[in-house]
Amino acid sequence: MTHPYRLMAPGPVPLAPEVLKALSEPMIHHRTPEFDQILSRVLKALPDVFQTHQRVFVQSCTGSGGMESALVNCLSHNDEIAVVVSGKFGERWAKMADAYGLIVHSLNVDWGHAVDIRQFEAFLNAHPRVRAVLTQACETSTATLHPVREMSEITRQIVPEALVMVDAITALGATPLSMDEWKLDVVIAGSQKAFMIPTGLSLISLSQRAWQAAQSARLPRFYLDLRKEQTSNQKGETFFSSNVALIKALDRVLPRLTGANRLGQIARCDGLATMTRKMAERYLGLATYSKSPSPSVTALVVPSQIDGTLVRKNLEAKYNVTVMDGQDHLKGKILRIGHLGYITDDDAVQTLVLLGKTLCDLNYNIPLDDLGALEREGRDLLKATPMP
Ligand SMILES: *Cc1c(COP(=O)(O)O)cnc(C)c1O
């Protein structure tokens, strides 16, 4: 029996049919009336996903480029900043800031735990001169959701001048997040995660305060200079050659993430995550790793007698399903299953059934009846949150 390919990583993600179609169309030049219309539709639609009245910029780089854009556009050499480090992506932002000569104060949070608000408060009290507070909304390496709204409120109280910068790359579009209402100053998203298109675009929005900071910030910037991007956008262009294929794909997929579908998409991710956690625990005996599980990605604990890296490999080689291993000290210990992108009920449920079979192949016994029950119950659970 051959199995269809299922891409169940927390990015890149499976593509919707309209995106596949957009990507197969003939190339057009970015200086054409046709592309001008596409770009202006995209720039008009994006603020709804961010829940902001500010403009959203589309930069041609991966999500990490968006994280770098936040730094170079808003900060200056020797600025003190606070960085939440709760996994690989927090580590990345801290290293990036260090490379730019920023003075980094890290709040180290145990992997798999959400930021503790009291601890966060004490940390900010200890560093009253910070110009920015950086955090992931969802730390993808541990599948953990942080209380960003509360963190933003506390930041305003303790260090009112500091900019709140949020890497929302696996959160925006998949979990509730309102940039304006939560008073977030910089929000970053990435194309291959909740935006459901291939890797290569980063989306970023700045509050009025952050935009003011961008006028006087002194870190070197050229490719990622949002002031130049804004000037170009006002002429209906992008600063450099437009990423025509991906911007076109974004144009086609945005109806799934905006307007009446916005909350449906968020509910869908939550439905997939809840089903995955429940079924894995009940029928596969796999516990959820995170104490604050994210609706966008689930990390399951692999039983200690089994090597998770081998499970990941076998699941892909024999059953054509890609999930992700843990990183660093979690390698072989957890498996991460994504809930972003064009994921059908069948994809979500079969991933768990085939994971069960893979575990059986490795002599971790799961009764076949249980896999049947998982399949029925999983499908039933998903009926409440259909794909919008
Ligand atoms: C994927 C991801 C990024 C960006 O990674 P790129 O490989 O540069 O696209 C940043 N932060 C988080 C939380 C992510 O999940």
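Colleague: Why are α12 and α13 called roughly antiparallel to each other?
Modeller: This is a predicted model, in which local features need pLDDT of at least 70, side-chain atom pairs count only at pLDDT 80 or more, and totals for chains, interfaces and linings use all residues. Residues are numbered from 1 along each chain as its sequence is written, and side-chain values use heavy atoms, without hydrogens and water. The axes of α12 and α13 come within 9 Å and cross at roughly 160°. An axis is a line fitted to C-alpha atoms, for helices over the stretch in contact, and angles run from 0 to 180 degrees between N-to-C directions. Angles under 35 degrees count as roughly parallel, over 145 as roughly antiparallel, 65 to 115 as roughly perpendicular and the rest as oblique; α12 and α13 are therefore roughly antiparallel.

Colleague: In which hand does α12 pass α13, and which residues make the contact?
Modeller: The crossing is right-handed; that word applies if the near helix is turned clockwise from the far one by less than a right angle, and left-handed if anticlockwise. In contact (heavy atoms within 4.5 Å) are, among others, V349, L352 and V353 of α12 with L371, L374 and L382 of α13. By class, this contact has seven nonpolar, three polar and five charged residues. Asp, Glu, Lys and Arg count as charged, Ala, Val, Leu, Ile, Met, Phe, Trp, Tyr, Cys and Pro as nonpolar, and the others, Gly among them, as polar.

Colleague: How do you know the orientation of α10 to α13?
Modeller: Helix α10 (residues 262-284) and helix α13 (residues 368-382) have axes that come within 10 Å and cross at roughly 160°. That makes α10 roughly antiparallel to α13. The crossing of α10 with α13 is right-handed. Its contact includes L272 and M275 of α10, and L374 and L381 of α13, and its residues divide into 10 nonpolar, two polar and five charged.

Colleague: What makes α11 roughly perpendicular to α12?
Modeller: The axes of helix α11 (residues 308-319) and helix α12 (residues 345-361) cross at roughly 110° and come within 9 Å. That makes α11 roughly perpendicular to α12. Among the residues in contact are V311 and L315 of α11, and L355 and L359 of α12. The residues of this contact divide into six nonpolar, two polar and three charged.

Colleague: What is the phi of K183, and where does K183 lie?
Modeller: K183 is not a glycine, yet its phi is positive, about 55°. Most residues other than glycine have a negative phi, and most peptide bonds are trans. K183 lies in the loop between β8 (163-167) and β9 (186-190). Helices (H or I, at least four residues) and strands (E, at least two) are DSSP runs, numbered from the N terminus.
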